[in-house]
Amino acid sequence: MPSADIPPKMRGLLLERFVEGKGEDDPYTLRSDIPFDASSLKPTDVVIRAAVAGVCHTDIMTVRGEMKRFLKEGLPIVPSHEPTGVIVALGSEAASEKSAPATGGKRPLKEGDRVGSLAHKEPCGQCEECKANRPKFCGNVSFLGISDKHGGLAEYLIADYRFVAQLPDEVSFETGAPLMCAGLTIYTAIKALQLEKGKHVCIVGAGALGHIGSQIAKSKRLRVSVLDARDAPLELCNSLRLKPDATYNCGKVDADDEQAVAAVVKAIGGEPDATIVTTDAIPAFKLAINITRKHGQMQVVGQPADPIPIPFYPLIFRDLRVTGSLLGNQQDLKELVDLVGREGIEVKTKTFKLDELPKLLGELHSPTFAGKAVVRVGEDQ
Ligand SMILES: [Zn+2]
Ligand SMILES: [Zn+2]
């Protein structure tokens with residue numbers, strides 16, 4: 001539709017103030033009068049009519065004010081950095097051949113395309129990171145729903161074509177939304193390990209990232225084990241077609257107890273070549289570093305509020321490497337979306353409505369919650 005036909009006010013959620021605690025206290029306001037201005041698009045803009053958007057741990061951190069150093073124009077903002085929907089208008093560059101990578105190189109983006117967008121938007125293009133094609137590390141890049149006023153939990157948003165991927169028909173909006181942050185983060189973390197077929201990766205934390213990552217790693221023909229302190233997410237992993245080779249409930253394991261650690265290693269079929277910690281539970285990091293094989297790697301994806309304890313002994317005497325992994329880029333997202341469609345990777349979601357966010361946030365922290373919470377924003381698509 002011509003951008004002049006996009007309504008100037010929209011229905012959606014707003015974060016208007018920071019809230020302490022876990023974020024269950026109804027931090028958002030549902031409004032029908034959120035201003036939306038698509039009258040003068042930048043060349044890189046993609047206007048998306050939202051369908052389904054994910055809710056992620058970083059949204060809770062945003063609610064608590066832990067991400068406020070990234071805010072571009074202050075509050076209010078529309079939350080969610082895992083948007084999907086249908087393109088309704090494009091800037092000039094977004095409609096040009098330059099956007100072909102978003103469609104796997106087949107053609108430029110166009111109105112009506114089903115897409116998802118990762119969080120990033122408008123990198124500066126001038127800094128060392130941008131020039132090296134690493135815009136996710138640009139100090140001036142914006143993040144949808146975190147630092148940019150546009151997020152996935154309102155009827156419309158403006159994304160940046162350089163971070164958008166087209167969704168193939170076999171990838172629904174419910175499956176696509178969690179790929180935009182949770183899925184992409186774990187995909188990139190696994191890819192960066194560069195493990196050969198048959199090598200053992202242990203994913204510590206079987207939540208939204210863990211259950212997707214376990215299947216991605218299996219599709220790459222790796223040996224996969226999954227640890228969690230809760231039964232429900234482990235059962236979910238075991239119910240999937242691409243299920244892990246081993247799962248173990250490590251809730252009662254003392255990571256300083258050598259015998260207990262040895263029992264975990266035995267249960268998962270030996271020391272993993274790499275561990276990926278997706279949770280923010282501090283004991284998980286201690287356990288992960290103690291089970292990782294000599295010369296192995298621990299990949300940090302979880303973002304705990306407290307410092308991660310790393311003793312010198314495993315670093316020096318077992319020659320471990322500890323690395324971090326941040327989201328991904330458009331190429332990674334395209335690869336992931338294709339992989340999910342091709343391999344039939346199952347993204348387990350529970351869908352809520354826009355007026356059910358307090359319920360969603362309450363359930364997210366329940367030990368019986370498994371999979372990924374998403375919100376259906378648009379009713380007609
Ligand atoms: Zn830059
Ligand atoms: Zn996220």
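Phenylalanine 143 is buried, at a relative accessible area of 14% (buried is under 20%, exposed over 50%, partly exposed in between; 1.4 Å probe, protein chains only). This is a predicted model: local features need pLDDT of at least 70, side-chain atom pairs count only at pLDDT 80 or more, and totals for chains, interfaces and linings use all residues. Residues are numbered from 1 along each chain as its sequence is written, and side-chain values use heavy atoms, without hydrogens and water.

**Aromatic contacts**
- The count is 3 aromatic pairs (Phe, Tyr or Trp rings, the six-membered one for Trp, with centres within 6.5 Å; planes under 30 degrees apart are stacked, over 60 edge-to-face, the rest tilted).
- Phenylalanine 70 and phenylalanine 143 form an edge-to-face pair, with centres 5.3 Å apart and planes at 75°.
- This pair links distant parts of the chain, 73 residues apart: phenylalanine 70 sits in the loop between helix 1 (57-63) and strand 4 (83-90), phenylalanine 143 in strand 7 (residues 142-143).
- Helices (H or I, at least four residues) and strands (E, at least two) are DSSP runs, numbered from the N terminus.
- Phenylalanine 70 is partly exposed, at 30% relative accessibility.

**Strand 17**
- In strand 17 (residues 372-376), 5 of 5 residues are buried.
- Lys372, Val374 and Arg376 point one way, Ala373 and Val375 the other.
- Strand 16 (residues 349-353) runs parallel to strand 17, joined by 5 bridges (pairing needs at least two DSSP bridges).
- Threonine 349 has lysine 372 as its bridge partner.
- Strand 3 (residues 45-54) pairs antiparallel with strand 17 over 3 bridges.
- Valine 52 has arginine 376 as its bridge partner.

Notes:
Chains are lettered from A and ligands numbered from 1 in the order in which they are written.
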